[in-house]
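Please read them with the structure open beside you.

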Amino acid sequence: MNKETSELLTRTGPGTPMGNLMRRYWVPALLSSEIAEADGPQVRVQLLGEKLLAFRDTEGKVGLVSEFCSHRGVSLYFGRNEENGIRCAYHGVKFDRNGKCVDVPSSPQSCARMHIKAYPTVERAGIVWAYMGPEDKKPAPPELEWCLLPESHVFVSKRLQYSNYLQAMEGGIDTSHVSFVHRHEVDNDPFHKDCKALDYIKADGNVIFTIEKQDFGLTLFGRRNGDPDSYYWRVTQFLFPWFTLIPPFGDHSLAGHVWVPIDDENCWAWSINFRPDRPLDEEELAALRAGQGIHVPYDESKPGQFVPAANRDNDYLIDRTAQKDKRSYSGVFGFAAQDYSLQESMGAIQDHTAENLLPTDKAIVMARRMLVDAAVGLTQGAEPPALNATSQHVRAAGVLLPKETDPVEWAKDHLADDLSSPVHSI
């Protein structure tokens, strides 16, 4: 990748080609629980380089507005959330959830010129989603499977990652690394243990990929040797522009991620576990809340910041003895920590001009190309892909198929559209 393409892919602030593209989609902004209370404390939110403020007004409705007062630029974080609006603590200028200025105590006639930026929101799966693009281009709200399930079927968390969104998201697209960095921990993790798939993953690190371009993004078919007459296929989904769906292991919940830029050097990594067929049970929920599986325990010294307990300031709690004893491949424990420690080690923004890609990186190359083509196309008046929410009706799977079976045709029958078939996992 040349420097110009890297810049296009990694810069997402206002007015950038990639930033303009991402603003055409619904963006996960914050957990609904962060602003659970009407007239409760407002919360700073930064997305795509924009500093915003989220609050729940007296009616219980969500506002997502510019953080700063239009009068003198004071942060509304220090304002008063009351009587259906945020009132600036400096001079009392007040704004409603739509950014409309509703009161200027010292100059009531000035309200009309004091409005601030506000973005429409919806709440799904315990997430407040924002649309930051042109109002006349707003698509339907997200319809990923986990967005439409009852609250009892879904567990969502987020964590702060100190890297550009792209290298984080590419870790979610890259399924070949599972045979290496996670290999010593999968046997004991409650969301991976006791499934036959682990035998195939550990035995065959030479994954052969078939990648299918779809209306929603990409379907990744990773083939490993299975039994003598079969292949083990991990079917992973990349849903444009930042979603991934992870194949389940055995009789465990399905999972997914969303990778959202905070700015060019930091991102939110959202993690989701869900059961289409039943509520998550208490044992599953206890493990998820404890930060197992793809979730993380947080640094308790930084409440409300969603900083992982294992982080760059403590070398991710690396344990060289555990690495030597083959209890952890990299010496870092926890699936998420194993991933983000390596992704953050690339630097805040990876030097793409220095990388040497391999055949197993085909999906990453295709995802980059889709992003570049869509961003450039938008500057030329072309509509972005995957704006139709119904295209998100897909599922990931892990399946053992006879060697003569075409996995692409199998996926069309079992992983798309109404999702009424059973979950496929081994």
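**Notes on the predicted model**

1. Asn 84 counts as partly exposed, at 27% relative accessibility, where buried means under 20% relative accessible area, exposed over 50%, and partly exposed in between (1.4 Å probe, protein chains only). Asn 84 lies in the loop between strand 5 and strand 6 (86–87), and its phi is near 60°, a positive value in a residue other than glycine. Helices (H or I, at least four residues) and strands (E, at least two) are DSSP runs, numbered from the N terminus.

2. Some words on the basis of these notes: this is a predicted model, in which local features need pLDDT of at least 70 and side-chain atom pairs count only at pLDDT 80 or more, while totals for chains, interfaces and linings use all residues. Residues are numbered from 1 along each chain as its sequence is written, and side-chain values use heavy atoms, with hydrogens and water left out.

3. Most residues other than glycine have a negative phi, and most peptide bonds are trans. Tyr 316, in the loop between helix 5 (282–289) and helix 6, has a positive phi near 60°, and at 12% relative accessibility it counts as buried. The peptide bond from Phe 240 to Pro 241 is cis, with omega near 0°, and Pro 241 lies in the loop between strand 14 (230–239) and strand 15.

4. Which residues does Ser 75 contact, leaving aside its neighbours within four places in sequence? They are Glu 67 and Phe 68, contact meaning heavy atoms within 4.5 Å. Ser 75 is found in the loop between strand 4 (62–66) and strand 5 (80–81), and it is buried, with a relative accessible area of 11%. The side chain of Ser 75 also reaches the backbone nitrogen of Tyr 77 at 3.1 Å; a polar contact is a pair of N or O atoms within 3.5 Å, where within protein one must be able to donate a hydrogen and the other to accept it, and residues adjacent in sequence count only if both atoms are side-chain atoms.

5. A search of the whole structure finds 12 aromatic pairs, a pair being rings of Phe, Tyr and Trp (its six-membered ring) whose centres lie within 6.5 Å, with planes under 30 degrees apart counted as stacked, over 60 as edge-to-face and the rest as tilted. Tyr 77 and Phe 78 form an edge-to-face pair, 5.3 Å centre to centre with 90° between the planes. Within this pair, Tyr 77 is partly exposed at 33% relative accessible area, whereas Phe 78 is exposed at 55%.

6. Phe 180 and Tyr 329 also pair edge-to-face, at 6.4 Å centre to centre and 65° between the planes. The pair links distant parts of the chain, 149 residues apart, with Phe 180 in the loop between helix 3 (165–173) and helix 4 (197–203) and Tyr 329 in the loop between helix 6 (320–324) and helix 7 (335–345). Phe 180 is partly exposed at 39% relative accessibility, and Tyr 329 is partly exposed at 38%.

7. Elsewhere, ring pairs link Tyr 25, Phe 238 and Phe 240 into a cluster. The charged end of Lys 158 sits over the ring of Phe 306, 4.6 Å from its centre, and that of Arg 312 sits over the ring of Tyr 162, 3.6 Å from its centre; the criterion is NZ of Lys or CZ of Arg within 6 Å of the ring centre and within 35 degrees of the ring normal.

8. How many of the 11 residues of helix 7 are buried? Nine are, so that the helix is mostly covered, and the buried residues include Phe 335, Asp 339, Tyr 340 and Glu 344. Strand 11 (154–161) and helix 3 are among the elements that cover them. Gly 347, which follows helix 7, has a positive phi near 105°.

9. Strand 16 (residues 254–263) is mostly covered as well, with nine of its 10 residues buried. Four bridges join strand 16 to strand 15 (residues 243–246), running antiparallel, and Leu 245 stands opposite Gly 256. Nine bridges join strand 16 to strand 17 (residues 266–274), again antiparallel, with Ala 269 as the bridge partner of Trp 259. Strands pair if DSSP finds at least two bridges between them, and strands 16 and 17 form a hairpin with two residues between them.
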